[in-house]
Amino acid sequence: MTTIKASCPTCGDVDLRPRQVRLVVCSVPERSSYAFSCPRCSAEVRRPADGEVVRLLRAGGVVAERWDIPAEALEERTGPALGYDDLLDFVLWLERADLPAAAAQFASRPASRPTDRQR
């Protein structure tokens, strides 16, 4: 049985079995990571996993999970971050807006069949 040595910030070095390690390989390599629950203190530990760490963990029998980051999450954002007041203003706007009511009415209608002219 393979033993994987890892480090807990509280307990120091610990020995793990492959099934105790969760390896997530990301479509953006810098976001790959591995995690484990410390067998001594039960703390959840998460660490980045570069290419070498991924290779070693896989060689040790750890099954990797694939994670594809949606393109939208990688888009560059400009402007100030949304704050609590922005969210509150949006919720208040939703209460006054006709769009949600119209969307709900549209969704509750049965689908219409195309007429001969529409085909």
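**Close-up views of a predicted model**

**View 1. The pairing of strands E4 and E5.** Strand E4 (residues 33-37) and strand E5 (residues 44-48) run antiparallel and are joined by 5 bridges. The structure shown is a predicted model, and within this pairing Tyr34 stands opposite Arg47 in E5. The two strands form a hairpin, with 6 residues between E4 and E5.

View 2. Ser42 is found in the loop between E4 and E5, and it adopts a positive phi of about 65° although it is not a glycine. The residue is exposed, its relative accessible area being 53%. The view therefore places Ser42 in the turn of the hairpin that E4 and E5 form, with a side that counts as exposed because its relative accessible area of 53% is over the 50% cut-off.

View 3. Leu87, Phe90, Val91, Trp93, Leu94 and Leu99 make a nonpolar surface patch of about 550 Å². The element that gives the most to this patch is helix H3 (residues 84-96), which supplies 5 residues; Leu87, one of the residues of the patch, lies in helix H3.

**View 4. The whole protein, as a setting for the close-ups.** The protein holds 4 helices and 6 strands, and from the N terminus on its elements run β-β-β-β-β-α-β-α-α-α. Of its 119 residues, 21% are buried, while the accessible surface comes to about 9,700 Å², with 53% of that surface belonging to carbon and sulfur atoms. Among the contacts with a separation of 6 or more, 48% are accounted for by residues 24 or more positions apart.

Definitions and conventions. Residues numbered from 1 in each chain as written. Predicted model: local features only at pLDDT ≥ 70, side-chain atom pairs only at ≥ 80, totals over all residues. Heavy atoms only, no water. Buried < 20%, exposed > 50% of the residue type's maximum accessible area, 1.4 Å probe, protein only. Contact = heavy atoms within 4.5 Å. Areas by Shrake-Rupley, 256 points an atom, 1.4 Å probe, with all protein chains shown as cover. Patch = residues over 30% accessible without salt bridge, like charges linked within 9 Å, V, L, I, M, F, W, Y side chains within 5 Å. Salt bridge = Lys/Arg side-chain N within 4 Å of Asp/Glu carboxyl O. Pairing = 2+ DSSP bridges.
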